[in-house]
Structure formats: structure tokens, C-alpha cells
Amino acid sequence: MRAKSMLFASALLLAFSCPAYASPLYDDYADVTENDLKNTVILSPQSSMAFINGHKASAVQPMVKEGRTFIPLRFVSEGLGAEVDWNSDDSTITIRYADKVLSFQTGKKTISINGRASEMEAPAALFDRTAYIPLRDIGEALDKKVVYVQKTEVRPYSLILLRDADAAAIENSRLIRVCQWLFEGKVVVYSDRFITVMKENGRLLVSNSNDFDLFAPFTYEPFVPKKNEVRLGDIWFNTDMGHFYLNYAYGTTREFSLYRVDGETIARVAVEKVPIKAVKTYRDAVYYLTAYERGILNADETTNLKSASFHDGKWKSDFLGEPGYYYGFDTLGKAYEWPITDDGVSTFGYQRSGNLSSEERKNTFGFYQLDLKGHRHERMTR
């Protein structure tokens, strides 16, 4: 994913007349890939914009007539890779898609699929010289999953989604809400399953997975703890590499996601199941320390001190030190400094994981120097 995200990789992103948005959805939605949007069309009865395979396109607007939704036949069929032929002599339309041949006439309900006739819920029709066909009929005929997201008070656009039946169910993700915003003409700077950053009136605003529709200013603000306050997310870190933002998805996945924020360039650096307590940078890498408050998954195979670096378009992280060790905190939760130099990271640590007696564990207490790469440390003192 490029620096803004990868995205999914979601954001799957859209909008005609949407100010300066040209990249495909998967470039800015960090949890969606190009393959997730392959053979996918997204439209709205309230708009003449669409997304084909994640790319914004000018569309013929779908319409609703007598309670049924009709979609522009040629636009959708060709968008999915089908061939469409029109015979003006008898108003017959033929669609060739994969191993299927569909044939029908405007004004009639009969449709032939590989020579077998069946009835559509309504006849295909011509409106303003454009052929329309009932949404469900063409979706099922082309073996597509048809999803209709209803317009609501807070969502002024309905969304029509046609995708492969075995493709990722992107309609169940935050991406579908991002699509709504794009159809509204909003400028989405970055989005993933945890946060969305939007630009309005020259300001960046952020919403998180706990409330998709509640936005707050997204600007660096030093975190000053208040008495009796425990804050696990919405925390900024200022480093030599710039600003980092920590989000906590307490209402959904309960994961901690760390982002690098450079103006309007936003990239997700890491996702952890346990609280991220401190962030530092050294040269071109990010180092962060997690706490053991809820336990660390596979604690005997990892540590709580991680480094992350940017390679091949994405951030990748790995643990430092000896597997099973816990660094930067003692058994009472006291925090220790952890300076970083060319020689490594120096801090207090001990072996927390494993079937050790209290005396054996106590014997591992001491200060260690961890290599900046790899899984090795050297004991400095007790």
C-alpha cells in the first residue's frame, strides 16, 4: 500500500464531482485489496457515479420504477467484462459472459440463459435510448451476489453492489460507509477498519470504529494524563520521525492500531491486541513498547518490544529480544527508560513466559541490550 494506506490495500472510494479523488478504492482503504474488488460494480439510484473493480467511473444512473430497481444493462455488463450485442431489427440484446449466453428482447419478460427460457420479474426496457434490466434478474443471470444498501436518514444514498458470490463481503465492512461518504462528495483522505480521516473546510477530521459517523479534529495534541484517567487510545506521540497516532477500537475488535501521520499522508504502522504504551523512532524504524495488561498472545514466542519498518509499500513489524521475555516494566508495573543507539535498545527485562519458579524468574531480572534487528539480547547487569 502506498504511504496513504495500501488498502484493502479500503478504501474502496468514489465520487463524481467529488473534489480531486481519482485513485482506486483499494489504494486508500487499508484492508481491501484489488482482488477483493475484482468483478465488482457499485452504483446508486441517486447518483451518476459508480465504481467498477474499485475504479471510479461515469455511469448511467440506475432508476426505481414501481418499486423495482433497474440498472443500465450495457454499463454494468461491460463493466463486469461481458460482451453486449444489440440487434435493432428485433430489439434483441445478447450478453456473453464467461460460459453463459443471455438473450432477451426489450419489452418482454422472457430471458434465455444458454438456451433455457425463464421469466424475469419485469421486462427489460428502453429509457432515453438506454436499455435497463431488473437488478435481481441480471445479477442472478450473471451469477453475481446482489446487495442493496438502503438509504436512511443519515445515509442519503442507496448503494447497489454486484460482486462475485465467493468474493469478500465488503458490504459488511466499514468500506461500505466510506462509499456512502464518497457519493456524498466528501473528501476521504484515509480509511481502514479502524479509522476514517476526512477533509472538510481545510481541516482533517477523524472517526473511529466505535462510532463511524462521529468526527473530531485530527491534529496533533500532546497527551497530558489527568488524575484517575486511563486512556488507551486517541493518543498522539511526537518523535524524530514526526507524529504517530494511537487508536483503540474499544467498541469492536478491542485492538490497538498505530499510524504515522505526515500532513495528509497517513499509514498504518501496526495493529496489536495489547496496549501500546510508548513509541520511539530511530533512523528509519519505529519502535514501540506494549504492556501485559491483558496478556500477550503466544507470549512464549514473542516479546512486548517491537520494531516496524517500511518495505515493499507497507509497514512490517517484528519483535526484538529473546522470545518469552518482557521488557520495559517490572513485575509491579514500574516503567523503565529504553534508550536506542546503534548498539541496540537498553532496558530492564525478565523472562515472564514459561514454567519457571519464582526464584528462577527472579534470576532473570536485569538490564539487557537488545539487537535492533533479530531476536537476540545480551545481559548487561542484574
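A salt bridge is counted here when a side-chain nitrogen of Lys or Arg lies within 4 Å of a carboxyl oxygen of Asp or Glu. The structure is a predicted model, in which local features need pLDDT of at least 70 and side-chain atom pairs count only at pLDDT 80 or more, while totals for chains, interfaces and linings use all residues. Residues are numbered from 1 along each chain as its sequence is written, and side-chain values use heavy atoms, with hydrogens and water left out.

## Salt bridges

A search of the whole structure finds 19 salt bridges.

| Pair | Closest N and O atoms |
|---|---|
| R96 and D85 | 2.8 Å |
| E171 and R163 | 2.8 Å |
| R376 and D371 | 3.3 Å |

R376, by contrast, is partly exposed at 42%, and D371 is partly exposed at 23%.

The salt bridge between R96 and D85 has its closest N and O atoms 2.8 Å apart. R96 lies in strand β7 (residues 92-97) and D85 in strand β6 (residues 83-87), so the pair ties together parts that are 11 residues apart in sequence. Helices (H or I, at least four residues) and strands (E, at least two) are DSSP runs, numbered from the N terminus. R96 is partly exposed, with 39% relative accessibility, and D85 is also partly exposed, with a relative accessible area of 38%. Elsewhere, a network of salt bridges links D31, D192, R193, E255, R268 and K273.

## Buried residues and their contacts

Contact, in what follows, means heavy atoms within 4.5 Å. K144 is placed in strand β13 (residues 144-149) and is buried, with a relative accessible area of 7%. Leaving aside residues up to four places away in sequence, K144 touches N39, L80, Y97, G139, L162, R163 and D164. The side chain of K144 also makes a polar contact of 2.9 Å with the side chain of Y97; such a contact is a pair of N or O atoms within 3.5 Å, where within protein one must be able to donate a hydrogen and the other to accept it, and residues adjacent in sequence count only if both atoms are side-chain atoms.

S209 sits in the loop between β17 (203-208) and β18 (211-217), and at 7% relative accessibility it counts as buried. Its side chain is joined to that of T252 by a polar contact of 3.1 Å. Beyond residues up to four places away in sequence, S209 touches R174, R193, F194, A249 and T252.

I111, found in strand β9 (residues 110-113), is buried as well, with a relative accessible area of 3%. Not counting residues up to four places away in sequence, I111 touches L102, S103, F104, R116, A117, S118, M120 and A141.

## A partly exposed strand residue

T341 lies in strand β28 (residues 340-341) and counts as partly exposed at 37% relative accessibility. Apart from residues up to four places away in sequence, T341 touches Y282 and L372. T341 and S48 are 293 residues apart in sequence, and their C-alpha atoms are 56 Å apart in space.

## Loop residues with positive phi

Most residues other than glycine have a negative phi. N53, in the loop between β2 (49-52) and β3 (55-58), has a positive phi near 55 degrees, and N53 is partly exposed, with a relative accessible area of 26%. D128 is found in the loop between β11 (125-127) and β12 (130-134); its phi is positive, about 50 degrees, although it is not a glycine, and D128 is exposed, with a relative accessible area of 77%.

Methods
Buried means under 20% relative accessible area, exposed over 50%, partly exposed in between (1.4 Å probe, protein chains only).
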